Amino acid sequence: MKNRLATLTATGAPAPSGAPGLVMGSRASTLLRDEELEEIKKETGFSHSQITRLYSRFTSLDKGENGTLSREDFQRIPELAINPLGDRIINAFFPEGEDQVNFRGFMRTLAHFRPIEDNEKSKDVNGPEPLNSRSNKLHFAFRLYDLDKDDKISRDELLQVLRMMVGVNISDEQLGSIADRTIQEADQDGDSAISFTEFVKVLEKVDVEQKMSIRFLH
(Lines give C-alpha, C1' and ligand atoms only; values in the text may rest on other atoms or scores of the structure.)
Protein backbone atom coordinates (compact mmCIF):
# COMPACT_ATOMS: atom_id res chain seq x y z
CA MET A 1 0.00 0.00 0.00
CA LYS A 2 1.20 3.44 -0.87
CA ASN A 3 0.58 5.06 2.49
CA ARG A 4 2.73 4.02 5.44
CA LEU A 5 -0.06 4.29 7.99
CA ALA A 6 -2.25 2.05 5.87
CA THR A 7 0.55 -0.50 5.75
CA LEU A 8 1.11 -0.34 9.50
CA THR A 9 -2.59 -0.68 10.24
CA ALA A 10 -3.00 -3.69 8.00
CA THR A 11 0.02 -5.32 9.63
CA GLY A 12 -0.79 -4.39 13.19
CA ALA A 13 -4.47 -5.22 13.30
CA PRO A 14 -5.52 -8.67 14.52
CA ALA A 15 -5.13 -10.85 11.46
CA PRO A 16 -6.68 -14.10 10.27
CA SER A 17 -3.50 -15.88 11.37
CA GLY A 18 -4.78 -15.50 14.93
CA ALA A 19 -8.15 -17.03 14.15
CA PRO A 20 -7.46 -20.71 14.88
CA GLY A 21 -6.47 -20.02 18.47
CA LEU A 22 -9.77 -18.26 19.04
CA VAL A 23 -12.32 -20.22 17.10
CA MET A 24 -11.35 -23.86 17.34
CA GLY A 25 -12.99 -26.10 19.90
CA SER A 26 -15.69 -28.74 19.84
CA ARG A 27 -16.86 -29.14 23.44
CA ALA A 28 -20.59 -28.41 23.41
CA SER A 29 -21.94 -25.92 25.89
CA THR A 30 -24.55 -26.92 28.44
CA LEU A 31 -24.26 -23.67 30.41
CA LEU A 32 -25.29 -21.19 27.71
CA ARG A 33 -29.03 -20.63 28.02
CA ASP A 34 -31.22 -20.29 24.93
CA GLU A 35 -32.16 -16.71 25.80
CA GLU A 36 -28.49 -15.77 26.24
CA LEU A 37 -27.62 -17.37 22.94
CA GLU A 38 -30.39 -15.44 21.19
CA GLU A 39 -29.32 -12.13 22.76
CA ILE A 40 -25.69 -12.65 21.74
CA LYS A 41 -26.77 -13.59 18.22
CA LYS A 42 -28.79 -10.38 17.93
CA GLU A 43 -26.00 -8.21 19.34
CA THR A 44 -23.05 -9.71 17.45
CA GLY A 45 -24.50 -11.23 14.27
CA PHE A 46 -22.92 -14.63 14.90
CA SER A 47 -25.01 -17.73 14.15
CA HIS A 48 -26.14 -20.14 16.87
CA SER A 49 -23.56 -22.72 15.80
CA GLN A 50 -20.75 -20.13 15.76
CA ILE A 51 -21.69 -18.93 19.25
CA THR A 52 -21.79 -22.48 20.59
CA ARG A 53 -18.42 -23.29 19.03
CA LEU A 54 -16.86 -20.10 20.40
CA TYR A 55 -18.35 -20.78 23.82
CA SER A 56 -16.66 -24.17 23.78
CA ARG A 57 -13.35 -22.45 23.02
CA PHE A 58 -14.02 -19.84 25.72
CA THR A 59 -14.63 -22.50 28.38
CA SER A 60 -11.50 -24.39 27.34
CA LEU A 61 -9.48 -21.19 27.94
CA ASP A 62 -11.21 -20.55 31.28
CA LYS A 63 -8.74 -22.43 33.45
CA GLY A 64 -10.27 -21.01 36.63
CA GLU A 65 -13.71 -22.29 35.59
CA ASN A 66 -15.33 -19.08 36.86
CA GLY A 67 -17.03 -17.99 33.64
CA THR A 68 -14.48 -15.29 32.80
CA LEU A 69 -11.08 -14.99 31.14
CA SER A 70 -8.04 -13.17 32.46
CA ARG A 71 -5.17 -11.71 30.46
CA GLU A 72 -3.15 -14.77 31.43
CA ASP A 73 -5.80 -16.99 29.84
CA PHE A 74 -5.46 -15.08 26.56
CA GLN A 75 -1.67 -15.26 26.71
CA ARG A 76 -1.93 -19.05 26.48
CA ILE A 77 -3.27 -18.68 22.93
CA PRO A 78 -0.16 -19.41 20.80
CA GLU A 79 -1.13 -17.04 17.99
CA LEU A 80 -1.44 -14.12 20.41
CA ALA A 81 1.68 -15.09 22.34
CA ILE A 82 3.82 -14.69 19.21
CA ASN A 83 1.98 -11.66 17.78
CA PRO A 84 4.07 -8.49 18.34
CA LEU A 85 0.86 -6.62 19.16
CA GLY A 86 -0.54 -9.48 21.22
CA ASP A 87 -0.72 -7.46 24.43
CA ARG A 88 -2.54 -4.62 22.68
CA ILE A 89 -5.03 -7.05 21.13
CA ILE A 90 -5.59 -8.76 24.48
CA ASN A 91 -6.17 -5.40 26.20
CA ALA A 92 -8.92 -4.65 23.68
CA PHE A 93 -11.03 -7.44 25.20
CA PHE A 94 -11.07 -5.79 28.64
CA PRO A 95 -13.22 -2.80 29.67
CA GLU A 96 -11.39 0.06 31.35
CA GLY A 97 -10.27 -0.95 34.85
CA GLU A 98 -11.37 -4.57 34.49
CA ASP A 99 -9.10 -7.61 34.65
CA GLN A 100 -11.70 -10.22 33.67
CA VAL A 101 -13.97 -10.55 30.64
CA ASN A 102 -17.11 -12.67 30.47
CA PHE A 103 -18.34 -14.56 27.42
CA ARG A 104 -20.61 -11.78 26.23
CA GLY A 105 -17.76 -9.26 26.31
CA PHE A 106 -15.53 -11.78 24.57
CA MET A 107 -18.10 -12.14 21.79
CA ARG A 108 -18.61 -8.39 21.42
CA THR A 109 -14.91 -7.93 20.74
CA LEU A 110 -14.70 -10.87 18.33
CA ALA A 111 -17.71 -9.47 16.46
CA HIS A 112 -15.52 -6.63 15.16
CA PHE A 113 -13.77 -9.26 13.03
CA ARG A 114 -16.86 -10.96 11.68
CA PRO A 115 -17.01 -10.49 7.88
CA ILE A 116 -19.83 -8.34 6.55
CA GLU A 117 -22.27 -10.64 4.77
CA ASP A 118 -24.03 -9.58 1.57
CA ASN A 119 -27.45 -9.65 3.25
CA GLU A 120 -26.22 -7.21 5.92
CA LYS A 121 -25.36 -4.44 3.47
CA SER A 122 -29.02 -3.55 2.94
CA LYS A 123 -30.14 -3.57 6.58
CA ASP A 124 -32.14 -0.75 8.17
CA VAL A 125 -29.88 2.30 8.37
CA ASN A 126 -31.88 3.54 11.36
CA GLY A 127 -31.01 0.47 13.42
CA PRO A 128 -27.94 0.12 15.66
CA GLU A 129 -24.62 0.07 13.84
CA PRO A 130 -23.27 -3.50 13.61
CA LEU A 131 -20.13 -4.22 15.61
CA ASN A 132 -18.46 -5.41 12.39
CA SER A 133 -19.14 -2.21 10.44
CA ARG A 134 -16.26 -0.47 8.70
CA SER A 135 -16.44 2.38 11.23
CA ASN A 136 -16.24 0.03 14.22
CA LYS A 137 -13.39 -1.94 12.66
CA LEU A 138 -11.49 1.33 12.18
CA HIS A 139 -12.20 2.42 15.75
CA PHE A 140 -10.80 -0.90 16.97
CA ALA A 141 -7.62 -0.50 14.89
CA PHE A 142 -7.23 3.13 16.00
CA ARG A 143 -7.38 2.12 19.68
CA LEU A 144 -4.46 -0.26 19.16
CA TYR A 145 -2.30 2.78 18.43
CA ASP A 146 -3.90 5.26 20.85
CA LEU A 147 -2.03 3.99 23.90
CA ASP A 148 -3.05 6.78 26.30
CA LYS A 149 -6.66 6.83 25.04
CA ASP A 150 -6.71 10.57 24.33
CA ASP A 151 -8.30 10.04 20.89
CA LYS A 152 -5.07 10.91 19.06
CA ILE A 153 -2.06 8.95 17.88
CA SER A 154 1.07 10.88 18.80
CA ARG A 155 4.54 10.42 17.37
CA ASP A 156 5.65 8.67 20.58
CA GLU A 157 2.69 6.27 20.43
CA LEU A 158 3.40 5.47 16.81
CA LEU A 159 7.04 4.83 17.69
CA GLN A 160 6.05 2.49 20.53
CA VAL A 161 3.81 0.45 18.26
CA LEU A 162 6.49 0.35 15.56
CA ARG A 163 8.99 -0.98 18.10
CA MET A 164 6.51 -3.66 19.15
CA MET A 165 6.12 -4.71 15.53
CA VAL A 166 9.72 -4.68 14.29
CA GLY A 167 11.76 -5.22 17.45
CA VAL A 168 15.46 -4.56 16.86
CA ASN A 169 15.31 -5.14 13.11
CA ILE A 170 15.21 -1.39 12.37
CA SER A 171 17.27 1.32 14.06
CA ASP A 172 15.68 4.01 16.24
CA GLU A 173 16.69 6.59 13.64
CA GLN A 174 14.87 4.71 10.88
CA LEU A 175 11.80 4.22 13.06
CA GLY A 176 11.77 7.91 13.90
CA SER A 177 11.93 8.78 10.21
CA ILE A 178 9.01 6.45 9.44
CA ALA A 179 6.96 7.93 12.30
CA ASP A 180 7.70 11.50 11.20
CA ARG A 181 6.70 10.84 7.59
CA THR A 182 3.57 8.99 8.65
CA ILE A 183 2.44 11.85 10.90
CA GLN A 184 3.26 14.39 8.19
CA GLU A 185 1.18 12.51 5.61
CA ALA A 186 -1.83 12.04 7.87
CA ASP A 187 -1.90 15.23 9.97
CA GLN A 188 -4.32 17.72 8.43
CA ASP A 189 -4.85 20.14 11.32
CA GLY A 190 -1.20 20.70 12.19
CA ASP A 191 -1.25 19.33 15.74
CA SER A 192 1.52 16.78 15.05
CA ALA A 193 -0.79 13.87 15.83
CA ILE A 194 -3.33 11.69 14.03
CA SER A 195 -6.98 12.05 15.01
CA PHE A 196 -9.55 9.37 14.27
CA THR A 197 -10.94 11.50 11.42
CA GLU A 198 -7.46 11.75 9.90
CA PHE A 199 -6.92 8.03 10.47
CA VAL A 200 -10.13 7.26 8.56
CA LYS A 201 -9.13 9.60 5.74
CA VAL A 202 -5.77 7.88 5.32
CA LEU A 203 -7.45 4.48 5.09
CA GLU A 204 -10.40 5.47 2.90
CA LYS A 205 -9.13 3.38 -0.04
CA VAL A 206 -8.01 0.41 2.06
CA ASP A 207 -10.21 -2.69 2.17
CA VAL A 208 -10.53 -2.62 5.95
CA GLU A 209 -13.48 -5.00 5.85
CA GLN A 210 -11.29 -7.71 4.33
CA LYS A 211 -8.10 -6.99 6.27
CA MET A 212 -9.89 -6.97 9.63
CA SER A 213 -12.05 -10.03 9.10
CA ILE A 214 -11.72 -13.59 10.35
CA ARG A 215 -13.60 -16.38 8.60
CA PHE A 216 -15.39 -18.01 11.50
CA LEU A 217 -16.63 -21.55 10.96
CA HIS A 218 -20.40 -21.84 10.50
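At what angle do α3 and helix α4 (residues 48-61) pack, and how far apart are their axes? The points below take up this question and then move to other parts of the model.

1. This is a predicted model, in which local features need pLDDT of at least 70 and side-chain atom pairs count only at pLDDT 80 or more, while totals for chains, interfaces and linings use all residues. Residues are numbered from 1 along each chain as its sequence is written, and side-chain values use heavy atoms, with hydrogens and water left out.

2. The protein chain has 13 helices and four strands, where helices (H or I, at least four residues) and strands (E, at least two) are DSSP runs numbered from the N terminus. Of the 218 residues in the protein chain, 43% are buried, a term that means under 20% relative accessible area, with exposed being over 50% and partly exposed in between (1.4 Å probe, protein chains only).

3. To answer the opening question, α3 and α4 pack at an angle of about 110°, with their axes 10 Å apart; axes are lines fitted to C-alpha atoms, for helices over the stretch in contact, and angles run from 0 to 180 degrees between N-to-C directions. The two helices are therefore roughly perpendicular to each other, since angles of 65 to 115 degrees count as roughly perpendicular, under 35 as roughly parallel, over 145 as roughly antiparallel and the rest as oblique. Leu-37, Glu-38, Ile-40 and Lys-41 in α3 meet His-48, Ile-51 and Thr-52 in α4, where contact means heavy atoms within 4.5 Å.

4. Helix α3 (residues 34-44) also packs with helix α8 (residues 103-110), here at an angle of about 25° and with the axes 10 Å apart, and α3 and α8 are therefore roughly parallel to each other. On the α3 side this contact is made by Glu-39, Ile-40, Glu-43 and Thr-44, and on the α8 side by Phe-103, Arg-104, Met-107 and Arg-108.

5. In helix α10, the residues Glu-157, Leu-158, Leu-159, Val-161, Leu-162 and Met-165 are buried. Just after α10, Gly-167 takes a positive phi of about 60°.

6. The loop between α9 (134-145) and β3 (152-154) holds Lys-149, whose phi is near 60°, a positive value in a residue other than glycine. Asp-151 lies in the loop between α9 and β3 and has a positive phi of about 70° although it is not a glycine. Most residues other than glycine have a negative phi. Lys-149 counts as exposed because its relative accessibility is 55%, and Asp-151 counts as exposed at 58%.
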